[in-house]
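The structure is shown first, and the text follows.

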Amino acid sequence: MKSKILIIVSNANTIGTNNRRTGTFLSEVAHPYAEFEKADYQIDFASFTGESPFLDALNLADDPDNLKFLTGKGWEDMHKAAKLSTVDVNNYDAIFIPGGLAPMVDMPENSELKKVIAETYEHGAVVGAVCHGPVSLLNVKLSDGSYLVNGKNIASFTTEEEDNYAREDVPFDLQTALTKQGAIFHAAEAWSANSITDGNIVTGQNPASAKGVGEKIVAILESKKVF
């Protein structure tokens with residue numbers, strides 16, 4: 001039976017007082033999508049409103065996986081994203097949240113998302129996120145009242161990277177926020193590939209880490225299969 005992946009994407013298209021244009025960062029959805037597709041998984045999309053999401057970093061379209069996503073089934077399916085509140089996430093073996101600045105707008109406090117992530121984690125499915133996507137893990141409380149990230153090894157976009165990217169546009173520093181909720185934060189050299197697994201949580205630092213996050217999610221799901 002095919003494993004099923006739900007990719008949850010932001011609906012935001014601007015951020016900050018200067019209304020910086022944003023969306024889901026192309027390679028952060030396209031590279032993991034390529035890994036899931038290679039593994040022959042069922043891949044579905046959901047967003048908060050069910051409206052067509054936005055993409056950022058289209059200037060990277062010459063990358064093979066990015067181009068395949070844009071011209072193949074990926075972007076077409078992302079346009080058909082279901083409304084998250086209508087999706088039974090218990091039907092999925094993993095959820096994945098790509099980054100881009102957009103998640104910093106509508107994911108820090110979204111109660112529906114927090115519920116979905118907590119339930120997914122507690123029933124043993126995989127939770128993955130990359131770059132700014134781990135903002136989705138903030139404020140997620142488990143049934144015992146503890147923060148999901150407390151005591152977990154986590155990577156995300158770092159303070160150093162943000163200082164040289166979008167410091168004036170983001171509402172808060174993601175590395176600091178995750179650390180305050182108890183995350184054991186792993187920061188590699190700025191812009192280098194860095195993805196880590198802690199149980200059934202997989203996180204990555206930046207766009208260069210997206211492929212690794214996809215590979216690690218696939219590795220966990222394949223290890224759970226019984227032949």
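F36 and F96 are both buried, where buried means under 20% relative accessible area, exposed over 50% and partly exposed in between (1.4 Å probe, protein chains only). This is a predicted model, in which local features need pLDDT of at least 70 and side-chain atom pairs pLDDT 80 or more, while totals for chains, interfaces and linings use all residues. Residues are numbered from 1 along each chain as its sequence is written, and side-chain values use heavy atoms, without hydrogens and water.

Rings of Phe, Tyr and Trp (its six-membered ring) pair if their centres lie within 6.5 Å; planes under 30 degrees apart count as stacked, over 60 as edge-to-face and the rest as tilted. The count comes to seven aromatic pairs, including these two:

| Pair | Centre to centre | Angle between planes | Class |
|---|---|---|---|
| F36 and F96 | 6.1 Å | 75° | edge-to-face |
| F157 and W191 | 5.3 Å | 70° | edge-to-face |

F36 belongs to helix α1 and F96 to strand β8, so their pair ties together parts 60 residues apart in sequence. Helices (H or I, at least four residues) and strands (E, at least two) are DSSP runs, numbered from the N terminus. F157, at 1% relative accessibility, is buried, whereas W191 is partly exposed at 42%.

Seven strands form an open sheet with mixed pairing, in the order β7-β5-β1-β8-β9-β13-β12; two strands pair if DSSP finds at least two bridges between them. At the edges, β7 (82–83) and β12 (195–198) each have a single partner strand, so one side of each has no neighbour in the sheet.
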